[in-house]
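Here is a friendly walk through a two-chain model, written for someone who likes to know which cut-offs stand behind each word. Have the viewer open and follow along.

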Amino acid sequence: MPALSPETVLRVDDLSIVYRTDRGDVRATNDVSFELKRGEAMALIGESGSGKTTISLALIRKLPKNAVVTKGQILYQRENTVQDVLGLSRRQLQAFRWNDCAMVFQGAQNAFNPVLKIRKQFEDTARAHGWTDKVAIRKRALSLLELVRLDPERVYESFPHELSGGMKQRTLLALGVLLSPQVVILDEPTTALDILTQRAIIDVLNDMQRQLLFSIIFISHDLSLAAEMADTVATVYAGEIVEIGAVDDIFYRSLHPYTYGLLTSVPTLEHAQDILQSIPGSPPNLIAPPSGCKFHPRCSFASEQCQAESPQLQAESASHLAACWHKDRLLASREEGA
Amino acid sequence: MPEPIIELNGVYRSFKKGREVVPVLQDINFAVNKLEFLCLVGESGCGKTTTGKIICGLLPPSSGTIRFEGQDIAELRGADRRRHRRSVQIIHQDPYASLNPTQTVKEMLSYPLLAHRLVKGRRGAETRVNELLELVDLTPVEDFVEKYPHQLSGGQRQRVSIARALTTEPSVIVADESVSMVDVSIRIGLLQMMMDLRDRLDVTIVFITHDLALAKYFAWDGRIGVMYLGRLVEIGATQQIIAAPQHPYTKVLLSAIPEPDPQKTRNKQHIKLRSEDIPRLTELPPGCSFHPRCPWYVPGACDVDVPQLALPPQAMVDSEVACIPLQRGDELVLHDA
């Protein structure tokens, strides 16, 4: 195994995933590479169907049966030992999931077994991972429920239907970190929740991360959530990371026309009228993606080069990479507009 | 002078659920003015969708009246009733569920045209369908008329829904969360198209959403009404609501929403609620429904009297609010959390 910097918990190299379907191969992920540091929160943003969920499912090896990883490796480091997640045996994988890497799925409302008390669901999870001391489990569970600002004793003895949507979501976050994973993957953590409940979840997540020091990968179509919670943001388009950088790089100095397009299509609450524009067209069919840069059919800067050659991610600064042939033209047009 | 096209007076609506009666709307009073952009915002369960259905006549109120162009819609009969049905249309939230999967775009759009005898024969319907598709930017028209919903993207389906609402040449359209199911990148295009329709077709649009930023964009020159647990708690000009919210609930909502700007959103002050629990509609607290959560709650007043929507006496802005301390002309005093 290659050595990773001590600060790195997860490194993905050239990950490519194909879904085999009757209509042909869907190239859902193409040469995706990124690194996740200890305590870092990374957001994957992009439209539906861009491949955000595929990437995150691959990290815990929960891809659907018709998915094939055609290339790449996923390196995970804990206490100076590095493993390739793609090479784990069934038993190792069972230990890896939840102990090392937990995922909280979209629509947490439906994640609990409706006929079991919350207590039972915490205990089952712990026991499946070799932890049998019920008193210790209870102690840990109650402290986590308190951390997510719930009434621990009451919630622990409740059935799921006795809890509101926001309470369930928070309980699920507590359950997610029960076994102290280093990486927590959140798929649309606040979608379908009300505004005030969303605020409570964001605050709770920030608290949890500060205290438990895990790393987060979250998938969201909500750019505001990324702006508030992420240290690093990666824009995913047609199965590729087209831009990745520190949150300020992405929001204030975006270099990819797609990222910029997303940013200029989001309304704000500022006390001035928003001038917004949507991105023309729709995301490409990944069975027969466009040639060259996959964004070129929707891009106002597209040239012949964009149709012919696919741009690679290039470093603009140590923390900021973008895959676009016409970064300078985007910058120039932004300066004109400003 | 704004001319009301729809007026709701003392509208109540409740639903029976088992033995319980759930009061979904209580004492709703407001008017929709001709050609204005009005947004109703609020969280789930606040009654915004029920209000939309009542405006369209799809749901009768339990009590109260709805007037369309001055006439009580409960009293409309025969031709007048049909005219109201044609004049007020709704666009639903989910473009995947609201279109018939077995019909082509042409069939879907022709049906209301022929049923209401708005065109002469198949030939007339075809011409009109083409015009409608052009109005919603589904061009070239030939590419779309024979398509089934599953062959269209979410954004395209929602354009078909809008075209279908336009078949009867309505004067009012209620758009219920009509862009929440489509991707961020195409949302604005849909909204801009709907905003253009007002000028091109003289149609008044009531937009229902949970997203205040979208409401602000859509109704920049219009008004926003904020609903909470079945009541309208504040209504006023959009720019005032956003820059100077008056009702405690509006203030809390605006402070809670993250912004697509890292510095701004991280430095935003969030107003703390006294309680995060949302009361059930069947167990509403006495007095103002927001008082158990309100950080500015005044004991002995807010938990006793139900506030009515009105213009407060010393208001700097002309938003109507339903808040007892504000209507007494008192300053709001923050409670310790």
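Let us start with Arg159(B), which has its place in helix H6 (residues 154-166) of chain B. Helices (H or I, at least four residues) and strands (E, at least two) are DSSP runs, numbered from the N terminus. Arg159(B) counts as buried, because it has 27 C-beta neighbours inside 10 Å. Here a residue is buried if 20 or more other C-beta atoms lie within 10 Å of its own, exposed if 12 or fewer, and partly exposed in between, with C-beta atoms placed from the backbone. Not counting residues up to four places away in sequence, Arg159(B) touches Val136(B), Asp137(B) and Leu138(B); two residues are in contact if their C-beta atoms, placed from the backbone, lie within 7 Å.

Before going further, a word on the source: this is a predicted model, in which local features need pLDDT of at least 70, side-chain atom pairs count only at pLDDT 80 or more, and totals for chains, interfaces and linings use all residues. Residues are numbered from 1 along each chain as its sequence is written, while chains are lettered from A and ligands numbered from 1 in the order in which they are written. The model scores ipTM 0.89 and pTM 0.91. Chain B averages a pLDDT of 92, with 99% of the residues scoring at least 70; pLDDT is the predictor's confidence in each residue, from 0 to 100.

Gln198(A) counts as buried because it has 23 C-beta neighbours inside 10 Å. Leaving aside neighbours within four places in sequence, Gln198(A) is in contact with Thr190(A) and Leu193(A). The table gives one pair for each of these two residues.

| Pair | Apart in sequence | Apart in space, C-alpha to C-alpha |
|---|---|---|
| Arg159(B) and Ile91(B) | 68 residues | 9.9 Å |
| Gln198(A) and Gln169(A) | 29 residues | 9.9 Å |

Now for the sheet in chain B. Four strands form an open sheet in the order S2-S1-S4-S5 (chain B), with antiparallel pairing; two strands pair if DSSP finds at least two bridges between them. S2 and strand S5 (71-72) of chain B stand at the edges with a single partner strand each, so one side of each is left without a neighbour in the sheet. Strand S1 (residues 4-17) and strand S2 (residues 20-33) of chain B run antiparallel and are joined by 10 bridges. Along this pairing, Glu7(B) has Ala31(B) in S2(B) as its bridge partner, and Lys17(B) stands opposite Glu20(B) in S2(B). The hairpin of S1(B) and S2(B) has two residues between the strands, and Gly18(B) there takes a positive phi near 65°.

How is chain B divided? Into domain 1 (4-104 + 165-228) and domain 2 (244-327), with bounds that come from an automatic or database domain assignment. The centres of the two domains of chain B, taken over C-alpha atoms, are separated by 24 Å. Their contact takes nine residues from domain 1 of chain B and 11 residues from domain 2 of chain B. On the side of domain 1 of chain B that touches domain 2 of chain B, S2(B) gives the most, with five residues. The residues of that side divide into six nonpolar, two polar and one charged. In this count Ala, Val, Leu, Ile, Met, Phe, Trp, Tyr, Cys and Pro are nonpolar, Asp, Glu, Lys and Arg are charged, and the others, Gly among them, are polar.

Finally, the packing. Which residues touch the most other members of the largest nonpolar core? Val206(B) and Phe207(B) do, in a core of 189 residues. H7(A) gives the most to this core, with seven residues. Both domain 1 and domain 2 of chain B give residues to this core, so it lies between them. A nonpolar core is a set of buried Ala, Val, Leu, Ile, Met, Phe, Trp, Tyr and Cys residues joined through C-beta atoms within 7 Å. Beyond four places in sequence, the contacts of Phe207(B) include Phe37(B), Cys39(B) and Phe218(B).

Helix H10 (residues 248-256) of chain B has seven of its nine residues buried, so it is largely enclosed by the rest of the structure. Among those buried residues are Tyr249(B), Val252(B) and Leu253(B). The buried residues of H10(B) pack against elements that include H7 of chain A and helix H8 (212-218) of chain B.
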